[in-house]
Amino acid sequence: VMPVKVIGKIDRTMFRAIALEITTDEVILTSERADHVRQRHPEDFARYRQYLQTVITAPDYILRDKKPASAILLKELRLTDDNPAICLALRLATPDDSPERKNSILTFWKVKKKEFRRLIRSREVLYKRG
């Protein structure tokens with residue numbers, strides 16, 4: 001069994017367009033997925049992991065992912081001059097999954113303004129913060 005860290009809870013109603021039934025509101029990050037992010041985006045992991053709860057509880061956008069029961073969350077972090085945004089892939093737990101499965105962060109990385117706008121243009125927007 002893989003060590004997991006509970007990151008926070010989602011508002012399931014925000015994700016209804018992806019999966020009508022989501023079996024839990026809990027979101028986890030497994031050690032395997034954390035290692036993936038550390039390897040692919042090492043500076044992003046160290047700098048932005050503290051904001052993961054903010055991204056999942058209050059995303060600016062939720063976009064449809066190509067994979068079933070998955071979403072892309074975008075959140076602008078108004079931190080510094082470069083105003084980074086976080087892109088996070090979230091796999092939702094549905095009744096088709098094993099009962100112990102939780103919603104899980106697949107990966108996350110920092111995106112620049114241009115990439116942020118491109119994602120919004122090129123994907124189906126399912127939720128936009130009011």
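**Close-up views of the predicted model**

View 1. In H4, the residues Phe116, Leu119 and Ile120 are buried. These residues span an arc of only 95° around the axis, and they therefore lie on the same side of H4. Lys114 and Arg121, on the other side of H4, are exposed. The buried residues of this helix pack against S3, S4, S5, S6 and S7. Helix H4 comprises residues 113-122 and lies across strand S3 (61-64) as well as S4, S5, S6 and S7, running at about 140° to S4.

**View 2. The surroundings of Leu74.** Leu74 is located in strand S4. The residue is buried, with a relative accessible area of 0%. When neighbours within four places in sequence are left aside, the contacts of Leu74 are Pro59, Asp60, Tyr61, Leu63, Ile86, Cys87, Phe116, Leu119 and Ile120. Among these contacts are Phe116, Leu119 and Ile120, the buried residues of H4. In S5, the residue opposite Leu74 is Cys87. Although Leu74 and Cys87 are 13 residues apart along the chain, their C-alpha atoms are separated by 4.8 Å. Tyr61 also stands opposite Leu74.

View 3. Seven strands make up an open sheet of mixed pairing, in the order S1-S2-S6-S5-S4-S3-S7. Strand S1 (4-9) and strand S7 (125-128) stand at the edges; each has a single partner strand, so one side of each is left without a neighbour in the sheet. On average, neighbouring strands of the sheet are turned by 30° against each other, direction ignored.

View 4. Strands of a sheet pair through backbone hydrogen bonds, either parallel or antiparallel. Strand S4 (residues 70-76) and strand S5 (residues 85-91) run antiparallel and are joined by seven bridges. S3 and S4 also pair in the antiparallel sense, over four bridges. In the hairpin of S3 and S4, five residues lie between the strands, and Ala69 takes a positive phi near 60°.

**View 5. The nonpolar cores.** The largest nonpolar core contains 26 residues, and those with the most contacts inside it are Phe15, Leu73, Leu88, Leu90, Ile105 and Phe108. At least two residues of this core are supplied by each of S2, H1, H2, helix H3 (52-57), S4, S5 and S6. A second, separate core has twelve residues, including Cys87, Ala89, Phe116 and Leu119.

**View 6. Leu90 and its contacts.** Leu90 is one of the residues with the most contacts inside the largest nonpolar core. Residues up to four places away in sequence not being counted, Leu90 touches Ile10, Phe15, Val27, Ala69, Ser70, Ala71, Leu73, Asn103, Ser104 and Ile105. Of these contacts, Phe15, Leu73 and Ile105 are likewise listed among the residues with the most contacts inside that core.

**View 7. Helix H1 on the sheet, and model confidence.** Helix H1 (residues 31-40) lies across strand S2 (26-30) and strand S6 (103-111), running at about 60° to S2. The protein averages a pLDDT of 93, and 98% of the residues score at least 70. Confidence is highest in S3, at 98, and lowest in helix H2 (residues 42-48), at a mean of 90.

Terms used
Residues are numbered from 1 along each chain as its sequence is written. This is a predicted model: local features need pLDDT of at least 70, side-chain atom pairs count only at pLDDT 80 or more; totals for chains, interfaces and linings use all residues. Side-chain values use heavy atoms; hydrogens and water are left out. Two strands pair if DSSP finds at least two bridges between them. Axes are lines fitted to C-alpha atoms, for helices over the stretch in contact, and angles run from 0 to 180 degrees between N-to-C directions. Contact means heavy atoms within 4.5 Å. pLDDT is the predictor's confidence in each residue, from 0 to 100. Buried means under 20% relative accessible area, exposed over 50%, partly exposed in between (1.4 Å probe, protein chains only). The arc is that of the directions from the helix axis to the C-beta atoms. A nonpolar core is a set of buried Ala, Val, Leu, Ile, Met, Phe, Trp, Tyr and Cys residues joined through side-chain atoms within 4.5 Å.
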